[in-house]
Each structure stands twice: as structure tokens, then as C-alpha cells.
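Biologist: Can you put the model up? I have a few questions about it.
Modeller: Here it is.

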Amino acid sequence: TTESSDVQQRPPVVQRPALTVPTLIQIRDILAQLEAPIISTLTERFNLATPSSLYANNGSELLAYLVPRELIAAASGRYDYGKLEYPYTLPPVSPDVTTRTNSFAPGRFHQDTFTGNKELFDFYVNHLVPLFSSQSSVFFHLDNSTTNHDATFNLDATLLELISHRSHIGKVVAESKFASNVTGFTSLIKSKDATTIRALLTNTTQETGVMAQAATAATAFSNAWTTSGAAETISFVGSLQNVTSKLFRELIDVTTDIEVQYILARLN
Ligand SMILES: C=C(O[C@@H]1C=C(C(=O)O)C=C[C@H]1O)C(=O)O
């Protein structure tokens with residue numbers, strides 16, 4: 001009927017809520033809460049034997065594994081407005097647009113389309129996975145195989161989701177910093193000065209604290225594995241430290257990239 005084709009043609013009108021961001025101090029606590037889950041998952045994943053063939057062609061098999069998982073996640077609202085979760089494989093989100101009637105007052109979240117997921121995925125596959133060199137397997141199979149591809153990709157997916165969420169909290173970090181220095185940022189946004197914006201967003205004291213906390217967590221989790229009787233090599237504790245440090249350095253960089261891109265699009 002005319003009625004049903006009319007319904008199909010009209011895009012759904014989605015009212016986006018006005019969302020206010022927390023203070024920078026509160027957001028830093030929220031970021032701190034994510035360190036243990038990330039490093040806990042990393043520790044688990046680190047202990048799985050990893051055939052490199054699994055990650056051939058820039059991780060195309062892993063990317064394909066994420067597709068159905070992200071479709072289900074989307075249906076359950078994981079990527080809804082303001083969730084600060086962005087998929088690796090689904091189309092980009094539409095941005096908010098500042099208008100005369102809706103000025104997006106400082107402190108209100110303003111959606112931009114940038115995601116750091118491509119950067120995170122490439123880093124994961126090309127720089128982190130090669131360091132997952134466990135020789136032992138936690139799986140016992142009567143056919144003598146030592147790997148469990150599904151379990152491996154499942155942990156990859158969980159870890160990728162966690163590090164993506166952590167990084168995209170950068171959007172509200174940026175809003176919070178914008179709200180506390182509107183004049184300073186506005187002129188830099190107008191002159192598209194990404195370098196100075198980045199310098200203004202960077203806080204190396206905070207970064208040192210984040211890295212130290214990550215190192216502490218890595219020690220705690222590797223100790224938990226060894227003292228609970230897991231068959232670990234002598235190098236396990238140091239290797240996990242190294243992997244954790246590389247991951248958190250990358251997370252800080254991607255979080256900052258996301259902050260910069262958010263700020264650049266803030267007045268669009
Ligand atoms: C997230 C922030 O912005 C930057 C990124 C950081 C991070 O990813 O942990 C830490 C300090 C800043 O250089 C922040 O200021 O807290």
C-alpha cells in the first residue's frame with residue numbers, strides 16, 4: 001500500500017537527549033576504573049598460544065568475527081547516543097550540528113563522527129598480538145591441539161571493546177576541558193590549530209599516574225596467575241609488564257587523538 005511504502009521511505013526521527021558531561025576529576029576516576037578490567041582481560045589473552053596465521057591480512061578474520069557480534073550489540077543499544085561505545089565494523093554515526101536555536105552550551109556532549117577504532121585495531125593486530133607468545137595452553141584437547149580459535153577471538157573482541165570504550169571517553173574529557181576554557185579553544189578551533197589544541201589537552205603528570213597504575217595492575221594480575229599455580233615461564237611477569245605498558249601508551253595517544261578531533265568538530 002501507499003501507506004507502508006511511505007513509512008519505509010521516511011527516515012526515523014531520533015530525538016537526541018541533551019547530555020551533560022561530568023567534571024574532569026570525575027572522568028579521570030571513571031578512566032581509572034577501566035584499568036583493571038582491561039589488564040585482567042589482557043592477562044587472560046596473553047596466556048593463550050597465538051598462531052600468527054590467525055591474524056593474516058591485517059586481522060581480516062578477526063574483523064569478520066566482530067561483525068555478527070556488533071550487530072547483536074547494536075540491537076541491544078550498545079552504540080546508542082551518549083554510550084561512548086563505537087563499533088569497529090558498522091557504519092559511522094551521524095554528528096550533532098550546532099544551530100542558532102541549539103547552540104550546544106559548553107558542558108553538553110556534541111557528537112562528532114571520528115572514531116579511533118581503526119588505529120586501535122591496527123595497533124592491536126600489528127603491535128600487540130605479535131607479543132602474545134605463550135607456548136603453553138590453558139586448553140586440554142584429546143586431539144592434542146593446543147589452540148582454541150573461538151576463545152582467542154572472543155577475548156580479542158572483549159579487549160577491543162574495552163580499549164575502544166576507554167579511548168572514546170576522550171570525547172567527554174574534551175568536552176569537559178572545552179567547557180573550562182571556551183575562549184581559548186574557540187580561537188584555536190577557528191584557526192584549525194590541531195597542534196596547539198593537542199598541547200593544551202595534554203597533561204603529562206596525569207599520564208604518568210595512568211602508566212604507574214597500569215604497571216601496578218599488571219604486577220597484581222601476573223602475581224595472581226603465578227601464585228594460583230598457573231604454569232608460567234620466568235619471563236611472564238616482565239613480558240606482561242611490557243605488553244601492558246605498550247597498550248596504555250597507545251591508549252593515551254588514541255584517547256588524545258579522539259579529544260583533538262572532538263574539539264576540532266565542536267563548533268560544527
Ligand atoms: C584523558 C586525559 O587527557 C590526556 C590523556 C590521558 C589519558 O588517556 O589517560 C591523560 C592525560 C592527558 O594527556 C586527561 O587529561 O585526563
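Biologist: How far is an oxygen atom of the ligand from an N or O atom in the side chain of arginine 166?
Modeller: The distance is 2.8 Å. Keep in mind that this is a predicted model.

Biologist: Which residues around the ligand come nearest?
Modeller: There are 15 residues around the ligand, and the nearest are Arg28, Arg166, Lys177, Glu207 and Glu259.

Biologist: What about the glutamates, how do they sit relative to the ligand's oxygen atoms?
Modeller: Glutamate 207 has a polar side-chain atom 2.7 Å from an oxygen atom of the ligand. For glutamate 259, an N or O atom of the side chain is 2.8 Å from a ligand oxygen.

Biologist: And how much of the ligand's accessible area does the protein cover?
Modeller: The protein covers 100% of it; on its own the ligand has 350 Å² of accessible area.

Biologist: Changing topic. Which helix is tyrosine 262 in?
Modeller: Tyrosine 262 is part of helix H11.

Biologist: Is tyrosine 262 buried or exposed?
Modeller: Buried, because its relative accessible area is 1%, and the cut-off for buried is under 20%.

Biologist: What does tyrosine 262 touch?
Modeller: Leaving aside residues up to four places away in sequence, tyrosine 262 touches Arg108, Phe109, His110, Asp112, Lys171, Ala174 and Glu175.

Biologist: How far is tyrosine 262 from leucine 54?
Modeller: Their C-alpha atoms are separated by 34 Å, and the two residues are 208 residues apart along the chain.

Biologist: Let's do H5. Which of its residues are buried?
Modeller: H5 runs over residues 117-128, and its buried residues are Asn117, Leu120, Phe121, Phe123, Tyr124, Val125 and Leu128.

Biologist: Which helices do those buried residues pack against?
Modeller: They pack against H3 (35-46), H4 (56-75), H6 (149-168) and H11 (236-264). H11 is also the helix that holds tyrosine 262.

Biologist: Now the whole protein. How many helices and strands?
Modeller: The secondary structure comes to 11 helices and zero strands.

Biologist: What are the spans of the C-alpha trace, and what share of the residues is buried?
Modeller: Along its principal axes the trace spans about 65 × 60 × 30 Å. Of the 268 residues, 40% count as buried.

Biologist: What share of the contacts links residues 24 or more positions apart?
Modeller: Such pairs make up 81% of the contacts with a separation of 6 or more.

Biologist: Last one, charges. How many positive and negative side chains?
Modeller: There are 19 positive and 25 negative side chains, with the centres of the two sets 9 Å apart.

How values were computed. Residues numbered from 1 in each chain as written. Predicted model: local features only at pLDDT ≥ 70, side-chain atom pairs only at ≥ 80, totals over all residues. Heavy atoms only, no water. Buried < 20%, exposed > 50% of the residue type's maximum accessible area, 1.4 Å probe, protein only. Helix = DSSP H or I, 4+ residues; strand = E, 2+ residues; numbered from the N terminus. Contact = heavy atoms within 4.5 Å. Lys, Arg positive; Asp, Glu negative; His and termini not counted. Charge placed at Lys NZ, Arg CZ, Asp CG, Glu CD. Near = heavy atom within 4 Å. Polar contact = N/O pair within 3.5 Å; in protein donor to acceptor, adjacent residues only side chain to side chain. Areas by Shrake-Rupley, 256 points an atom, 1.4 Å probe, with all protein chains shown as cover.
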